[in-house]
Every structure is written in structure tokens, then in C-alpha cells.
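Please walk me through the features of a protein model, taking one kind of feature at a time and giving the general idea before the particular case.

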Amino acid sequence: GEDKVQKRARIEKVEPVEIAQKYENHYFRDMDHLNCLRPNISCRATGHIPEMIELVERLIEKGYAYVVDGNVYFDISRFNEYGKLSGRRVEDLIEEARVKAAPGKKHPADFALWKKADALHLMQWPSPWGRGYPGWHLECSVMSMKYIGDTLDIHGGGIDNQFPHHECEIAQSEAATGKQFVRYWLHNNMVTVNGQKMSKSLGNFITLDKLFAKYHPMTVRFFILQGHYRSPQDFSDDALNSAQKGFERLARTVMELRKSLEEKKEQIGQLKGKWLDYRNRFFEFMEDDFNTSGAISLLFDLARDANEIREKENRTEDLKIIEYLFTLLGEEILGLQFDSFSSIEKSSGLEKKLVNFLVELRNRFRDQKQWSMADEIREKLSSMGILLEDGKDGTK
């Protein structure tokens with residue numbers, strides 16, 4: 001299909017890099033809200049064209065790639081392990097691809113390393129094979145190996161990228177270097193909304209900025225951590241409201257604990273007994289394929305202990321250790337921000353009052369048959385992620 005960045009650039013009559021920059025800014029802003037650490041290096045594919053051409057030349061020289069009329073294809077028959085990640089057999093892939101094979105390919109399932117560009121293509125560069133642009137698998141291998149090395153410890157991505165994207169990354173990287181490309185692949189599963197796959201065609205998708213208008217970013221982070229990354233994640237109001245209550249319960253315990261300790265947060269000694277067991281069990285969950293759900297269950301156990309101990313006298317040392325464990329396990333490792341609890345509490349109370357006022361105002365306009373004004377309030381609230389439902393018992 002047509003490149004989405006190019007399509008949008010044509011519509012808005014701007015350079016493709018401007019479109020990419022806009023969405024990159026949105027992405028990093030949303031990740032900041034979710035308290036995701038920024039990468040040390042954030043590289044651009046367009047800044048690595050010479051390195052991509054070098055890798056293609058290497059693959060041609062080693063006999064893994066061939067040129068057809070300005071296009072360069074990877075010959076999957078030369079890489080015996082093609083399909084080892086997804087479990088696909090080359091014979092089946094060739095049969096599947098036979099009906100849509102491009103002219104000149106040795107095998108229908110061979111994938112493009114470099115593509116010939118026509119005069120209207122907005123992004124194109126000179127190469128030994130004529131003006132063109134890189135295949136979408138190529139750029140990932142080139143930038144990964146440049147900044148991390150020939151072998152990566154961990155490579156993440158959506159499960160829908162396992163084939164063909166990650167399979168092709170493995171083939172072109174290992175064919176070029178002769179080394180294992182990735183030791184561990186972490187594929188996250190699909191996102192659903194009320195049990196249905198999230199997609200633009202179904203109209204059931206929601207952007208993070210609209211989600212943040214309705215739920216605090218820490219609620220969203222906590223909701224995601226309560227599931228396992230390899231399982232489907234089903235977004236619904238019920239699930240997010242439940243996550244918000246759970247996070248508030250934890251955060252309230254931590255903030256009350258810190259308030260009771262005041263300035264008594266000096267260095268704690270070596271963990272012993274049940275407190276050492278808490279930390280060890282937390283690490284066991286995290287080392288078991290990032291079982292964040294199990295890790296969070298331990299934080300609730302820790303909160304229960306904290307609330308019981310706070311009712312007793314002369315247990316300050318234990319409370320200090322609990323506070324330290326919440327900081328280490330909940331904040332430094334899971335990335336939760338317990339101090340955001342107060343802002344959640346304030347914003348949810350204020351938001352409720354404002355929405356109730358707007359509902360009341362909309363009802364007045366409806367009684368006066370000023371339908372355009374009533375509809376405008378509904379539409380504005382909808383754009384902020386707040387949906388109004390009119391029923392026989394009033395507006396929800």
C-alpha cells in the first residue's frame with residue numbers, strides 16, 4: 001500500500017519529514033505522561049541511507065541478494081533458517097506469495113532490500129542501482145546494529161510484526177554478519193476495545209491524548225501493568241475504572257506512609273526476613289517473562305502489611321523498610337508515580353463538577369429547543385473523551 005507519511009504529506013502539502021516530526025513529538029509527549037524513560041538514542045531512518053546502501057552491497061557481494069531493474073531483493077532460498085522465528089516453511093511461503101509475485105523475482109517470497117522510485121515518489125536517494133528508497137525491513141537492522149552491535153539482547157515489537165518484518169530482519173542481519181541477531185524476542189499482543197480489535201475501520205480506536213482527558217496517565221500505566229504483555233489487552237471503561245481504584249488504593253497507602261514518616265527516611269540497613277522475601281519474590285515475578293501482574297499483587301500485599309503495622313507502636317523501622325520497597329519496586333522498577341495520587345483525586349472531583357455543570361447547561365438548551373447549542377456541548381465533550389448517554393432516567 002501507499003506510504004502513510006507520504007500520503008499525509010501530499011494532503012497537507014508539506015515535506016514528509018515534517019509529518020514524521022509532528023507524530024514523533026506527539027509520541028514522546030505521551031510517553032512522558034506515562035513516565036516511560038526516553039531512549040539514549042532516537043535515530044531516524046532518513047539519516048542512515050549510506051549505511052543501508054552499504055549493507056545491501058554486502059549482501060549482494062555474499063550472494064544473499066540480487067538486482068532486478070533497479071530493485072534489490074533478498075534471496076530467501078540462500079538463508080536456510082528463514083522462518084525460524086515464526087515457524088513458517090519457505091515452501092509454504094512461496095506457494096502463498098505466488099499469485100502476487102513481482103516481475104524478476106527468483107522466488108515469490110523474496111523481500112525487497114531496495115526499491116526503485118518513480119518520479120512522483122517524495123522520498124528517494126541515489127544508489128548504485130539507481131534512484132530509490134530502502135525496504136522497510138532494512139532500516140531496522142542497520143540502525144540497531146550501528147548503535148547496539150551485531151547481536152541484540154532483547155528486541156521488542158507487536159506480535160503482528162513477527163512475520164514478515166522480524167523474520168526478514170533476522171535473515172538480512174545474520175546473512176550479513178554470520179552472528180545471531182537477537183537473543184530474546186518480546187512480542188506484545190493486540191489491543192482490543194470492549195472485546196473487539198482496535199482499528200480505524202471499526203471506528204473504535206482512541207488516541208492517548210483523548211484517553212488522558214478521561215483517565216490519569218498513571219491509571220493507564222497501572223492498567224497495562226496489571227496484564228501480561230503477551231496477552232491481549234482489552235480497554236474498557238470498567239477495566240480502567242477498576243485500575244484507577246486499585247492504583248488509588250496503593251498510592252493512598254504510600255502517601256500516608258510517607259506522611260507518617262515525615263523526614264525519617266534515612267538509609268535503611270540490609271533487608272532481612274519477610275522484607276527480603278518480598279523483594280526476592282518480586283524479582284522472581286519480573287524474571288518470569290516480565291510477569292508484572294504478579295509483581296503488582298505483591299505491592300498490594302505490602303500495602304496490607306503497611307496498614308496493619310501503622311496501627312501499632314514502635315514499628316518505625318519496619319515502616320521505613322516498607323517505604324523503601326515501594327520506592328524501589330513500585331516507582332524505580334515499575335515506573336509508577338505514587339505522588340500523582342493527589343492530582344488524580346483533585347482532578348477527578350473537579351472534573352465531575354464541571355461535567356455535571358455542562359450536562360445541566362445542555363439540558364437547559366434542550367428544554368429551550370436550542371438544539372445546535374446542546375449538540376455543540378455534546379460534541380465538545382466527546383472530543384475530550386467524555387461521552388453523554390441520554391436515557392429515560394436522565395443523562396449519564
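Q: What should be kept in mind about the model before reading its features?
A: The model is predicted, so local features are given at pLDDT of at least 70 and side-chain atom pairs only at pLDDT 80 or more, while totals for chains, interfaces and linings use all residues. Residues are numbered from 1 along each chain as its sequence is written, and side-chain values use heavy atoms, with hydrogens and water left out.

Q: How is a sheet read, and in what order do the four strands of the open sheet lie?
A: Helices (H or I, at least four residues) and strands (E, at least two) are DSSP runs numbered from the N terminus, and two strands pair if DSSP finds at least two bridges between them. Here four strands form an open sheet in the order β1-β2-β3-β4, with antiparallel pairing. β1 (65–68) and β4 stand at the edges with a single partner strand each, so one side of each has no neighbour in the sheet. From one strand to the next the twist averages 20°. β3 and β4 pair in the antiparallel sense over three bridges, and the bridge partner of Lys115 in β4 is Tyr133.

Q: Which strands does α3 touch where it packs on the sheet, and which does α6 touch?
A: Contact means heavy atoms within 4.5 Å, and directions are compared through axes, which are lines fitted to C-alpha atoms (for helices over the stretch in contact), with angles running from 0 to 180 degrees between N-to-C directions. α3 touches β1, β2 (71–74), β3 and β4, and its direction makes about 125° with that of β3. α6 packs on the sheet by touching β2 and β3, with its direction at about 85° to that of β3.

Q: How is burial in a helix read, and which residues of α5 are buried?
A: Buried means under 20% relative accessible area, exposed means over 50%, and partly exposed lies in between (1.4 Å probe, protein chains only). An α-helix has 3.6 residues a turn, so residues three or four places apart point the same way. In α5 (residues 138–147), the buried residues are Leu138, Ser141, Val142, Met143, Ser144 and Met145. They pack against α3 (49–61), β3 (111–116), β4 (132–134), β5 (152–158) and α6 (162–177). After α5 comes Gly149, which has a positive phi, near 125°.

Q: What counts as a salt bridge, and how many are there by this rule?
A: Side chains of opposite charge can pair when their charged atoms come close. The rule asks for a side-chain nitrogen of Lys or Arg within 4 Å of a carboxyl oxygen of Asp or Glu, and by it the count comes to 26 salt bridges. One of them joins Glu81 and Lys84, whose closest N and O atoms are 3.5 Å apart; Glu81 is partly exposed at 44% relative accessibility, and Lys84 is partly exposed at 42%.

Q: Which parts of the chain does the salt bridge between Asp237 and Lys214 tie together?
A: The side chains of Asp237 and Lys214 meet at 3.2 Å, N to O. Asp237 lies in helix α9 (residues 237–261) and Lys214 in helix α7 (residues 208–214), so the pair ties together parts 23 residues apart in sequence. Asp237 is partly exposed at 38% relative accessibility, as Lys214 is at 27%.

Q: Where do Arg366 and Asp390 lie?
A: The side chains of Arg366 and Asp390 meet in a salt bridge of 3.4 Å, N to O. This pair links distant parts of the chain, with Arg366 in helix α13 (residues 341–367) and Asp390 in strand β10 (residues 390–391), 24 residues apart. Salt bridges that share partners also join Lys274, Asp301, Arg304 and Asp305 into one network.

Q: How are aromatic pairs described, and why is the pair of Phe222 and Phe300 edge-to-face?
A: A pair of aromatic rings is described by the distance of the centres and the angle of the planes. Rings of Phe, Tyr and Trp (its six-membered ring) pair if their centres lie within 6.5 Å, and planes under 30 degrees apart count as stacked, over 60 as edge-to-face and the rest as tilted. By this rule the count comes to 14 aromatic pairs. The rings of Phe222 and Phe300 have centres 6.2 Å apart and planes at 75°, so this pair is edge-to-face. Phe222 is buried, with a relative accessible area of 0%, whereas Phe300 is partly exposed at 22%.
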